[in-house]
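Please read the points below with the model open beside you. They are set out in numbered order so that each can be checked against the coordinates.

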Amino acid sequence: MGNFKSKYNESNNIIIKDTVIDSNDTHHTISSFMKKINNKSNKDIVVRIMMPLYYTHDKLTKEDVERASLSWNNILNNQSFKFLNEIKSRKLNIKSCKEWFETVFYQRLFDVHPLSKYMFKNPETQGRFLSSLLSFIFTILEDEDKFNLRLVELALSHCKRGVKACEYAIIGDVMFWSLREVLGSLYDDRTNEAWIKIFSMMLKVIVPIAIDHELKDNKAQYNRMLNKTKGNSNTNLVGLIFPGKGNQVSPDNCPYGFKA
């Protein structure tokens, strides 16, 4: 977290960069807080807060790349011992280890983040895109300009689809879990660390763009939430995220603003 510090004053209110979030008036003060984060230093704080626990600044080494690349090639080339054993015992009716990884990934994602399911009309097609993206990432890891450019494009396209910045952390967790599930013993701790470094590099580019987009124009994110909660009186997600507003809230009167 670098030099960032959050603290409490004597009234048990949160203080962030001289902005007090009053625990007795959270709705009003968060609204005020969101209006104050347009300067660069405070946006940096939001980015830091949004990063997941596994996020790291540790430098990616040549050995890390080799380990992660080897594990991915084991999937692409059907060389996972766990996959071969599953096929031999006829527990799987899947043609390739890559297809198994894609299936496991989306099953896990929909389990831990059910609302994401509505974004994927065809998980099989999306699975192939995921595998192609990961394969491509390995070809540009050592070319910072190409790496950043591809991820900027990826982030912007997902912003337009309504993906929120906080969801990328979930993707990482699901990916690490799925890799371990498919590779078994081939996915050891050092391999996991290598993948974490790679995904952290991706988050470093994607998350700031996603946050900046939500602060300036969150209509796609709002519409995505509203469309998936209409007619469900038991789970009013909009009401949960925008307290006191329920279905009355719109991108223009959103209590937290998210406007530049």
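**Notes on the predicted model**

1. Of the 260 residues in the protein, 45% are buried, where buried means under 20% relative accessible area, exposed over 50% and partly exposed in between, with a 1.4 Å probe and protein chains only. This is a predicted model, in which local features need pLDDT of at least 70 and side-chain atom pairs count only at pLDDT 80 or more, while totals for chains, interfaces and linings use all residues. Residues are numbered from 1 along each chain as its sequence is written, and side-chain values use heavy atoms, with hydrogens and water left out.

2. The protein has eleven helices and three strands, which follow one another from the N terminus as β-β-β-α-α-α-α-α-α-α-α-α-α-α. Helices (H or I, at least four residues) and strands (E, at least two) are taken as DSSP runs and numbered from the N terminus.

3. The accessible surface of the protein comes to about 15100 Å², and carbon and sulfur atoms account for 50% of that surface; the areas come from the Shrake-Rupley method with a 1.4 Å probe, and for residues only the protein chains shown count as cover. Among the contacts in the protein with a separation of 6 or more, 65% are between residues 24 or more positions apart, a contact being heavy atoms within 4.5 Å.

4. Helix α8 (residues 167-183) packs against helix α9 (residues 189-216) at an angle of about 160°, with the axes 10 Å apart. This makes α8 roughly antiparallel to α9, given that angles under 35 degrees count as roughly parallel, over 145 as roughly antiparallel, 65 to 115 as roughly perpendicular and the rest as oblique. The axes are lines fitted to C-alpha atoms, for helices over the stretch in contact, and the angles run from 0 to 180 degrees between N-to-C directions. The crossing of α8 and α9 is right-handed, a term used if the near helix is turned clockwise from the far one by less than a right angle, with left-handed for anticlockwise.

5. On the α8 side of this contact are Y168, I171, G172, M175, F176, L179 and R180, which meet D189, N192, W195, I196, F199, L203, I206 and A210 in α9. By class, the residues of the contact of α8 with α9 are eleven nonpolar, two polar and two charged; Ala, Val, Leu, Ile, Met, Phe, Trp, Tyr, Cys and Pro count as nonpolar, Asp, Glu, Lys and Arg as charged, and the others, Gly among them, as polar.

6. Helix α7 (residues 144-161) also approaches α9, and their axes come within 9 Å and cross at roughly 40°, which makes α7 oblique to α9. The crossing of α7 and α9 is right-handed. The contact joins F147, N148, L151, V152, L154, A155, L156 and C159 of α7 to M201, M202, V205, I206, I209, A210 and H213 of α9, and its residues divide into 13 nonpolar, two polar and no charged.

7. Q126 is placed in helix α6 (residues 123-140) and counts as buried at 18% relative accessibility. Not counting residues up to four places away in sequence, Q126 touches Y106 and F120.

8. Most residues other than glycine have a negative phi. N78 is partly exposed, with a relative accessible area of 28%.
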